[in-house]
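Please look over the two chains shown here before reading the report that follows.

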Amino acid sequence: MSDDKSAYRDLFVQEAHEHVQNMNEALLKLEENPKSKEHLDSAFRSAHTLKGMAATMGYDQIKELCKAIEELFDKFRKGEENISSEMFSYLFKCFDTVQEMIDDENKKVNVEQYLNDLRNPASLAKQGETASQQHSALPQTIRVKMQDLDSLVDLVGELLIAKMRLEQMVGNNTTDNRVRHTFMSLGRLVSDLQYQTMKLRLVPVEQIFNRFPRMIRDVSSSQGKSVKLEMDGLGIELDRTVLDAITDPLLHMLRNAVDHAIEMPDEREGAGKSRTGTIRLAASKVGDRVMITVEDDGRGIDLERVKAKAVEKKIITKEEADAMTDDEALDLVGTPGLSTAKQVTDISGRGVGMDVVFSQIELVGGQVKIETKKGQGTRFTLLIPLSLAIIGGLLITISNEKYVLPLSSVISTMRVDTKSVKIVHGKEVIMFRDQVVPLARTGNALGIKQQDSSDFMTVVIVNKNGRPYGLIVDAFESKQEIVVKRLDSSGASSSVSSEATILGDGKVALILDPAKL
Amino acid sequence: MSSRSSTKILVVDDALFMRTILKDILNSNGFTNILEAGDGAAAIDMYRKNKPDITTMDVNMPGTDGMQALKSIMAMDPAAKIIMVTSVEQKQIMQDAIKAGAKDYVVKPFDRAMVSAVLSKVMRGR
């Protein structure tokens, strides 16, 4: 057909677009349900049709790439291969490349690399990195196994511990200036090394953010809504593990925004807003944490409905609801079992509510804050630690045993006069920043007998599922950088902690998860 | 009905692009009486109403696919002349289609001379 293909180019481009779009849509659906035959068939068919069209136009690169995609989906259909999460992002990238080649018939792409990857999906799942990044990255890069990076971080952690032990043994009480100076430079070197090592595991948020515009477009158009997604801070970097952990919550929040927050165009116009809704997703660095905001200009959270729902679900009583401030009502949003969507849609009303988002964010030591204005929009602010491998911790003592509370979940520490403890609903509470905060003996959760304090007790206020919670401890010591060691499931792991650290004196201390106390 | 211009051809393909290409090839080969269908169900329907002399049938289509449509049409009209449109690697499907009553097949991407030859052969076989 090469003799007169220009006559067909417009038709080709137009229809090819539809097929790429269709593959994208099918893949999005598959992300929710990887076994859906309907969508596996649909993606397969589009790849197949596109292949035939490209072959007709004489576009060999597109043909080859689509052929490989078609074959891969055929394997998925037949159950010979499973779609891994890495493969989803890889395939999205592949589809983008196909799109680019459709739009620009002279575009040169390293198709060979794609073909190799697509034909060996297993290797793809292991690498998690993609061909296109390989040749688009400007600085020189090499590929390293995630495992090797993890061992490196582990070793640096051990080094940090060894340094602390040495410091306790000789460093702190030496009078020899040469030893002191050597210690200081050793300290600097170790922390530089630690910083550089942690940096190796950082990837730009762009890697996951880039998937969102398409999702927003698809979800909004399927609902007849018009939504614009603005993104900022794409270059901000996060530890890969952390980034992976917050992908789902972010996806959920964005879907929620399209699904429930942004109004239909006519409704928006009626309210004096532009027909197109805007969702802003921004990342920025705040100290050693990353702040991610998800902001929409939709209808805002209906607090009266949240309260009514909470009463209906018996989470609070009618009286409690009536006495609630707006801020307290907002706190309800993260409560398990509360979903205010009027009807179940296939987008976000799947029984998974904001409580799951909250708990997933808190699982990686992050915090969520919600602000909303009726009729004007809602802003979610997430504060996420850069990394999970080395964190700031507060050392506490209970019955002469040392434990660590992650600093990310510590709000405050205080000495409380036992006389100021009140009993509400049979439970001990204290007042903290004008809020009623429940108290608990940390020892109870740990199965340790904790001696009762006489006049004063030491309380650490932590963030437990988004609310302040007072933990009674015997004493708290210092804040320090700790190296997190995952406890394996072989028995060492307990219900209150799945992580531990090694302290300067060589002893092991459990890292407590406030959500589980 | 030996002339190409009076031969009624039904072109079945879900891709408008492919239908257009095939239609143009058929046109330039003297076939001007052409009907189109975008999926298997529409093809069965159009076949019933129009009784085309020759049908070209794409295999992969949403809903009722080419194989299903082939079987339905053959059941309706055992004398139907259906040419399957496949891609090179779908050998098994070609064989199955021939067993199910398809007269011949053409392979994508189309070769003008090949399409013309297959059509002549199928017409002669009448």
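## A loop in chain B, and the model as a whole

B:P109 is found in the loop between β5 (104-108) and α5 of chain B, where helices (H or I, at least four residues) and strands (E, at least two) are DSSP runs numbered from the N terminus. The peptide bond that joins B:K108 to B:P109 is cis, with omega about -5°.

This is a predicted model, in which local features need pLDDT of at least 70 and side-chain atom pairs count only at pLDDT 80 or more, whereas totals for chains, interfaces and linings use all residues. Residues are numbered from 1 along each chain as its sequence is written, chains are lettered from A and ligands numbered from 1 in the order in which they are written, and side-chain values use heavy atoms, with hydrogens and water left out.

## The two chains

Chain A contains 18 helices and 19 strands, while chain B has five helices and five strands. Read from the N terminus, the elements of chain B follow the order β-α-β-α-β-α-β-α-β-α. The table sets out values for each chain; buried means under 20% relative accessible area, exposed over 50%, and partly exposed in between, with a 1.4 Å probe and protein chains only. Accessible areas come from the Shrake-Rupley method with a 1.4 Å probe, and for residues only the protein chains shown count as cover.

| Chain | Residues and buried share | Accessible surface and carbon and sulfur share |
|---|---|---|
| Chain A | 517 residues, 47% buried | about 26000 Å², 50% from carbon and sulfur atoms |
| Chain B | 126 residues, 52% buried | about 5300 Å², 55% from carbon and sulfur atoms |

A contact means heavy atoms within 4.5 Å. Among the contacts in chain A with a separation of 6 or more, 67% are between residues 24 or more positions apart; for chain B, the corresponding share is 64%.

## Helix packing in chain B

Two packed helices are described by the angle between their axes and the distance between the axes. Axes are lines fitted to C-alpha atoms, for helices over the stretch in contact, and angles run from 0 to 180 degrees between N-to-C directions. In chain B, the axes of helix α1 (residues 16-28) and helix α5 (residues 112-124) come within 10 Å and cross at roughly 70°. That angle makes α1(B) roughly perpendicular to α5(B), since angles under 35 degrees count as roughly parallel, over 145 as roughly antiparallel, 65 to 115 as roughly perpendicular and the rest as oblique. On the α1(B) side the contact is made by B:L22, B:I25, B:L26 and B:S28, and on the α5(B) side by B:R112, B:V115 and B:L119. By class, this contact of α1(B) with α5(B) has five nonpolar, one polar and one charged residues; Ala, Val, Leu, Ile, Met, Phe, Trp, Tyr, Cys and Pro count as nonpolar, Asp, Glu, Lys and Arg as charged, and the others, Gly among them, as polar.

Helix α5 of chain B also holds B:V122, which is buried, with a relative accessible area of 6%. Leaving aside neighbours within four places in sequence, B:V122 is in contact with B:I54, B:K81, B:I83, B:K103 and B:D104.

## Helix packing in chain A

In chain A, helix α1 (residues 6-32) and helix α2 (residues 37-57) have axes that come within 9 Å and cross at roughly 160°, which makes α1(A) roughly antiparallel to α2(A). The residues of their contact divide into 14 nonpolar, six polar and three charged.

A:R9 is placed in helix α1 of chain A and is buried, with a relative accessible area of 15%. Not counting residues up to four places away in sequence, A:R9 touches A:M57, A:Y59, A:I102, A:D103, A:D104 and A:E105. The C-alpha atoms of A:R9 and A:M57, 48 residues apart along the chain, are separated by 7.8 Å.

## Positive phi in two loops of chain A

A:K314 lies in the loop between α14 (303-312) and α15 (318-323) of chain A, and its phi is near 60°, a positive value in a residue other than glycine. A:K314 is exposed, with a relative accessible area of 74%. A:D434, in the loop between β12 (427-432) and β13 (435-441) of chain A, has phi near 65°, again positive in a residue other than glycine. At 76% relative accessibility, A:D434 counts as exposed.
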